[in-house]
Amino acid sequence: MPGDAPDIHVILMTCPPDQAEKILLALLERRLVGCGNILPQVRSRYWWDGQICSDDEALVVMETTPDRLDALYAAIPDVHPYSVPKVVALQPSACGEPYLQWLRAVTRPG
């Protein structure tokens with residue numbers, strides 16, 4: 001379906017590597033995301049308190065539907081240790097329909 005954005009958001013979130021599994025599991029259990037992939041080690045460089053900082057983090061890539069996005073953002077402070085977590089939603093230009101159907105089904109509250 002060229003020109004139509006699919007009903008999916010890809011979420012990028014960084015967190016401490018030892019917290020990634022716990023955070024992802026909490027979001028899955030709440031059915032806020034349908035899937036997540038943990039890239040266990042990325043080097044993050046960023047501004048904080050007037051200085052450039054550097055940390056090893058995990059990158060968690062997740063998928064959700066547009067109607068679950070607000071609830072996902074609302075839940076992040078409950079499960080994430082950072083006071084300002086990086087959580088960015090991207091909307092792909094295309095996605096396979098079978099995957100979209102699956103994602104819609106698994107992100108429905110039980």
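**A helix pair and its surroundings**

Modeller: Helices α1 and α2 are oblique to each other (angles under 35 degrees count as roughly parallel, over 145 as roughly antiparallel, 65 to 115 as roughly perpendicular, and the rest as oblique). This is a predicted model, in which local features need pLDDT of at least 70 and side-chain atom pairs pLDDT 80 or more, while totals for chains, interfaces and linings use all residues. Residues are numbered from 1 along each chain as its sequence is written, and side-chain values use heavy atoms, without hydrogens or water.

Helix α1 spans residues 20-29 and α2 residues 69-79; they pack at about 140°, with axes 10 Å apart (axes are lines fitted to C-alpha atoms over the stretch in contact, and angles run from 0 to 180 degrees between N-to-C directions; helices are DSSP runs of H or I, at least four residues, and strands of E, at least two, numbered from the N terminus). From α1, the residues I23, A26 and L27 meet L72, A75, I76 and V79 of α2 (contact means heavy atoms within 4.5 Å). By class, this contact has 7 nonpolar, no polar and no charged residues (Ala, Val, Leu, Ile, Met, Phe, Trp, Tyr, Cys and Pro count as nonpolar, Asp, Glu, Lys and Arg as charged, and the others, Gly among them, as polar).

L72 is also among the residues that T64 touches, as are L69, L32 and V33. T64 belongs to strand β3, residues 51-64, and counts as buried because its relative accessibility is 0% (buried is under 20% relative accessible area, exposed over 50%, partly exposed in between, with a 1.4 Å probe and protein chains only). A polar atom of the T64 side chain lies 2.6 Å from the backbone oxygen of L32.

In the loop between α1 and β2 (35-48) is R31, which has a positive phi of about 60° although it is not a glycine. At 33% relative accessibility, R31 counts as partly exposed.

Technical notes. Polar contact = N/O pair within 3.5 Å; in protein donor to acceptor, adjacent residues only side chain to side chain. Lists of a residue's contacts leave out its neighbours within four places in sequence.
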